[in-house]
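Subject: Structure handover

Dear colleague,

Please read the notes with the structure open beside them.

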Amino acid sequence: MENYYYAYKAKAKLELLINSYEVSTKVTVKLKNEPSFQKVLLLGKDETALVNVAQKSELRGSERGYKTVLITSDKDISVSTFNTKFLTADAAVIYPTSSLGSEYYIFTPDLGVLGLRKEFAITNTEQPNTVTIKLTGAVLFQGHRYGKGSTVKVSLKPYESAQFQSSDNLTGSRVVGTGPLAVLSGHTCSMTSFKCNHVYEQLPSVDQWGTDYLVAPTSVQNKCDYVYVLASQPTELHVSCDRRPRQLQAGEAAKYRVYPNRPITIAAKKGILVLYYFPGVSKDGHKGYDPFLMTIRPTSQFASSYITRGLKDFTNFISIVAKSSETGKVLLDNHQLPGRNRWQAIGDSGYSWTDVSVGVRDERHVVQVTSGSGIAVYKYGVAEMNAYGCQGNEQTAGGPRP
């Protein structure tokens, strides 16, 4: 998607982090609109490769085209992305095509710089696809203005993409395809507490949503972060920081504050989507950190092992959620967590969380729990006037989860 302005190319990089799990894993990376771009990798067991993708793959404004990166392999892999420019960056886990669905609800942060836009992008898979979009805000697409409440129909050819941008909040817009598709959503440059930053996530389809979530705060925030809960159908929502249950309707989003050292639990009777928004930190009005956006994993999809990799020159952190009875079995790079790391209980959920600082290098880390039970792992990093955040890559790729 578009990061800040398309024409702004200062230190621009579109990077893929590709993780292999078996020996002799062959990976091919192609760019649909650039036939000359092709990279073939032969990866060893438990190897992570960094691939720089041509800048021509960045979508621009409300457009459609074939700026699609195709990644194929002969064995299981997992993938995450970094979209970075000077002082504006974010990261996201990329889902395998086997886990893509046909129904999505859009989330876009509601705050940003005047003139910069909320956005979402749809990428089709290998078959022709008719996509119907019910908009909650006005968009200009292919020279036509679609008002709030409008329905847009787009026929996408194999591997074709379409991006929609608006100054309106597009949260709750419904996207339905006749076949599977990928949807990314965010903001060209969202701003709340300090400067603006490009934020984005690949969204899970509605059939991948869960009903129970555990949300741990970041350790760098001195005021509060935000969590957004989005429903696809009427449901009752219970959040530990809210005294009363709340009723959500289809496409409706609820916003809650997450304070330092005060994690929250979220439960609903029907599937919900939960996203964590770090609004940034202003340290003295002239120095601080920018926003980032990341998807929270439902407890039903916790896994036993993850891979993370940070960004160079960022202070990188790994956030871990585990059963309180098994925190001593959580390993970082096959070692017990450093003694300075203190686990804190998440209410009476039976789970605890901790943040681990892993330095300022772009190093690969493996987080696992030896008991085989599930944990959640997130990575985030902050730098002067910058930040990023996303889930860790689960070490069992190719299944129903990222």
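To begin with the largest pocket, strand β7 gives the largest share of its lining, with 6 residues. Please bear in mind throughout that this is a predicted model. The volume of this pocket comes to about 1200 Å³, and β1 (13-20), β6, β7, β8 (88-94), β10 (118-124), β17 (181-190) and β18 (197-202) are the elements that contribute two or more residues to its lining. In total 50 residues line the largest pocket, and those nearest its centre are Val-69, Leu-70, Ile-71, Ile-94 and Tyr-95. Sorted by class, the lining of the largest pocket consists of 24 nonpolar, 18 polar and 8 charged residues.

Leu-70, one of the residues nearest the centre of that pocket, belongs to strand β6, which covers residues 69-73. If neighbours within four places in sequence are set aside, Leu-70 is in contact with Thr-28, Val-29, Lys-30, Lys-32 and Tyr-159. The C-alpha atoms of Leu-70 and Asn-3 are separated by 20 Å, the two residues being 67 residues apart along the chain.

Strand β7 itself spans residues 77-85 and includes Ser-78. Is Ser-78 buried or exposed? Its relative accessibility is 4%, and because the limit for a buried residue is 20%, Ser-78 counts as buried. The side chain of Ser-78 also makes a polar contact, at 2.4 Å, with the side chain of Tyr-21.

The second largest pocket has a volume of about 460 Å³. It is lined by 21 residues, of which Lys-13, Thr-84, Leu-311, Lys-312 and Phe-314 are the closest to its centre. At least two residues of this lining come from β1, and at least two from β7. By class, the lining of the second largest pocket holds 9 nonpolar, 3 polar and 9 charged residues.

The largest nonpolar core contains 73 residues, and within it Ile-122, Phe-164, Val-175, Leu-237 and Ile-266 have the most contacts. Strand β24 (residues 264-278) supplies the largest share of this core, namely 10 residues. Not counting residues up to four places away in sequence, Val-175 touches a set of residues that includes Tyr-104, Ile-106, Phe-120, Ile-122, Ile-133, Leu-181 and Val-183.

Finally, two backbone angles deserve a look. Most residues other than glycine have a negative phi. Asp-313, however, has a positive phi of about 70°, and Asp-333 likewise has a positive phi, near 55°. Asp-313 sits in the loop between β28 (305-309) and β29, and at 58% relative accessibility it counts as exposed. Asp-333 sits in the loop between β30 (330-332) and β31 (335-336), and its relative accessible area of 28% makes it partly exposed.

With best regards

Definitions and conventions. Residues numbered from 1 in each chain as written. Predicted model: local features only at pLDDT ≥ 70, side-chain atom pairs only at ≥ 80, totals over all residues. Heavy atoms only, no water. Helix = DSSP H or I, 4+ residues; strand = E, 2+ residues; numbered from the N terminus. Buried < 20%, exposed > 50% of the residue type's maximum accessible area, 1.4 Å probe, protein only. Polar contact = N/O pair within 3.5 Å; in protein donor to acceptor, adjacent residues only side chain to side chain. Core = buried A, V, L, I, M, F, W, Y, C linked by side-chain atoms within 4.5 Å. Contact = heavy atoms within 4.5 Å. 1 Å grid on protein atoms, 1.4 Å probe; cavity = no way out; pocket = protein on both sides within 12 Å on 5 of 7 lines; lining within 4 Å. Points joined across faces, edges and corners; volume = space filled by probe spheres on them. Nonpolar A, V, L, I, M, F, W, Y, C, P; charged D, E, K, R; others polar.
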